Amino acid sequence: MSTASDLDAAIAKSISTIPECLAAGYIDVGSGFLLGIKTVDSHPREVIDLVAAATSDLFQGANVGTVEAIWKRARGVESNRHYFQEYIINSDNAIHVFIRGKKYQDYVAVFVCRNTANIGMVLAKSRMAMPMIESAV
């Protein structure tokens with residue numbers, strides 16, 4: 001059985017493998033609950049809590065659910081699998097990668113890297129970190 005410390009260790013290890021990674025977290029998007037987080041800097045608790053809630057909105061907000069349902073219907077897909085799997089958001093200073101789990105569809109990892117990192121490597125290494133993080137849950 002995995003523990004919170006297993007998840008924390010997996011998140012910390014993922015940060016060490018992803019180029020210029022500043023923070024990573026793992027979120028239950030169904031509840032908006034942050035299951036684990038590791039950052040290289042300190043951040044106000046309000047910001048961390050809002051990131052978890054915003055991630056839930058990004059993957060399971062009402063409009064996102066409607067778009068998913070339309071795409072599934074248009075493509076004849078009958079599946080519990082979600083249509084949107086990843087988002088990459090670029091801000092002034094950072095690359096934010098959000099990846100839905102393959103094993104646990106209602107969990108999302110977020111990786112925040114400096115915007116000077118190679119985005120291809122950030123995405124590849126973020127994807128490679130997911131099985132390790134999911135196995136720690």
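**Exercise 1.** Is Tyr 104 buried, exposed or partly exposed?

*Solution.* Start with the ground rules. The model is predicted: local features need pLDDT of at least 70, side-chain atom pairs count only at pLDDT 80 or more, and totals for chains, interfaces and linings use all residues. Residues are numbered from 1 along each chain as its sequence is written, and side-chain values use heavy atoms, without hydrogens and water.

Next, the cut-offs. Buried means under 20% relative accessible area, exposed over 50%, and partly exposed in between, with a 1.4 Å probe and protein chains only. Tyr 104 has 27% relative accessibility, so Tyr 104 is partly exposed.

**Exercise 2.** Classify the ring pair of Tyr 104 and Tyr 107.

*Solution.* A pair of aromatic rings is described by the distance of the centres and the angle of the planes. Rings of Phe, Tyr and Trp (its six-membered ring) pair if their centres lie within 6.5 Å; planes under 30 degrees apart are stacked, over 60 edge-to-face, the rest tilted.

- Distance: the centres of Tyr 104 and Tyr 107 are 5.8 Å apart.
- Angle: the planes stand at 70 degrees, so the pair is edge-to-face.
- Accessibility: Tyr 107 is partly exposed, at 21%.

**Exercise 3.** Classify the ring pair of Phe 84 and Tyr 87.

*Solution.* The whole structure holds four aromatic pairs. In one of them, Phe 84 and Tyr 87 lie 6.0 Å centre to centre. The angle between their planes is 25 degrees, and the pair is stacked. Phe 84 is partly exposed at 23% relative accessibility. Tyr 87 is buried at 18%.

**Exercise 4.** Describe the largest nonpolar core.

*Solution.* Such a core is a set of buried Ala, Val, Leu, Ile, Met, Phe, Trp, Tyr and Cys residues joined through side-chain atoms within 4.5 Å. The largest has 21 residues. Ile 18, Val 97, Phe 111, Val 122 and Ile 133 have the most contacts inside it. Now take Ile 133. Leaving out residues up to four places away in sequence, Ile 133 touches Leu 7, Ala 10, Ser 14, Tyr 26 and Phe 111 (contact: heavy atoms within 4.5 Å).
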